[in-house]
Amino acid sequence: YNTGIKQYLSEPQNISDIIYNYGGLLNFILQNIYPPGEFINKLLTSIILLLQVVKTFFYLRIFDNLSYIVTMINTVLYDLRIFLLFFSILIYFFALIFAVLGVGNHRVDGKFRDYYYEQVTEQGIDPPVGVPLEEYRMINPLLGFIFTSLRMALTDYDFSSANYLESNENHIYWIVWFMVIVMTNIIFLNFIIAEASASYEKVKENLDAMIFKERA
């Protein structure tokens, strides 16, 4: 009241507290109106639980044995923000290439589309079960390509959809796959690890002072 609503909301932690407190109250009301299995209750409960993780970490800074861990996590994540932004841009543009190739996209004419609708005919359901990249069928196709690129960067591979590309497209696919591995996994993730180590050492030098500040 004294500082004003604008200054109060300038602190992200205060916004999180407002959503957490009033979201919890709203959740109590909705749980008594709709069954727990309703989507709105699941969505609101998930948001509250995520905020609860943030709030739990916030209060863990009070304890001597846990304060240094929380302090280092916060500092390292802040130092890595530029690297993570650049990494996200790389993942996004590789996803665009996969989208152009139409990897695992039954909306694009080609072998995969034919195979997809063969399975629809055989199984009598749409979408069919057992086709490549079926785990992404409930989300936006571009978002699915982003997850595919991210999984490649983390060495989680699934090449089954590449079998349904035309010969020239398949060659491009493997070139892009090689670029993803080299640029994101071998080079960039190692940059992030090195930067995280440097940030950790920087925090460690002033750890006691930072812990006292956080606890205060």
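The protein chain has a radius of gyration of 23 Å, whereas a compact globule of 216 residues would have one near 17 Å. The model is predicted. Its secondary structure comes to nine helices and zero strands.

**Overall form**
- The C-alpha trace of the protein chain spans about 65 × 50 × 35 Å along its principal axes.
- Read along the sequence, the pattern is α-α-α-α-α-α-α-α-α.
- Of the contacts between residues at least 6 apart in sequence, 63% join residues at least 24 apart.

**Surface and charge**
- Buried residues account for 30% of the 216 residues in the protein chain.
- The accessible surface of the protein chain is about 14,400 Å², and carbon and sulfur atoms supply 65% of that surface.
- The protein chain carries 14 positive and 21 negative side chains, with the centres of the two sets 9 Å apart.

**Helix α4**
- Helix α4 covers residues 64-79, which is 16 residues.
- From first C-alpha to last, α4 reaches 23 Å, close to the 22 Å expected at 1.5 Å a residue.
- The buried residues of α4 are Ser67, Val70, Thr71, Met72, Thr75, Val76 and Asp79.
- In an α-helix there are 3.6 residues a turn, so residues three or four places apart point the same way.

**Histidine 106**
- Histidine 106 sits in the loop between α5 and α6 (111-123).
- Is histidine 106 buried or exposed? Histidine 106 is buried because its relative accessible area is 19%, and the cut-off for buried is under 20%.
- Apart from neighbours within four places in sequence, histidine 106 is in contact with Phe112, Arg113, Tyr116 and Tyr117.

**Loop residues with positive phi**
- Most residues other than glycine have a negative phi.
- Leucine 133 has a positive phi, near 60 degrees, and is not a glycine.
- Leucine 133 is placed in the loop between α6 and α7 (141-153).
- With a relative accessible area of 11%, leucine 133 is buried.
- Threonine 155, also not a glycine, has a positive phi of about 60 degrees.
- The loop between α7 and α8 holds threonine 155.
- Threonine 155 is partly exposed because its relative accessible area is 44%, and partly exposed covers values between the 20% limit for buried and the 50% limit for exposed.

Note on methods:
Residues are numbered from 1 along each chain as its sequence is written. This is a predicted model: local features need pLDDT of at least 70, side-chain atom pairs count only at pLDDT 80 or more; totals for chains, interfaces and linings use all residues. Side-chain values use heavy atoms; hydrogens and water are left out. Helices (H or I, at least four residues) and strands (E, at least two) are DSSP runs, numbered from the N terminus. The expected span of a helix is 1.5 Å times one less than its number of residues. Buried means under 20% relative accessible area, exposed over 50%, partly exposed in between (1.4 Å probe, protein chains only). The radius of gyration is taken over C-alpha atoms; the globule rule is 2.2 Å times the number of residues to the power 0.38. Contact means heavy atoms within 4.5 Å. Accessible areas come from the Shrake-Rupley method with a 1.4 Å probe; for residues, only the protein chains shown count as cover. Lys and Arg count as positive and Asp and Glu as negative; His and the chain ends are not counted. The place of a charge is taken as NZ of Lys, CZ of Arg, CG of Asp or CD of Glu.
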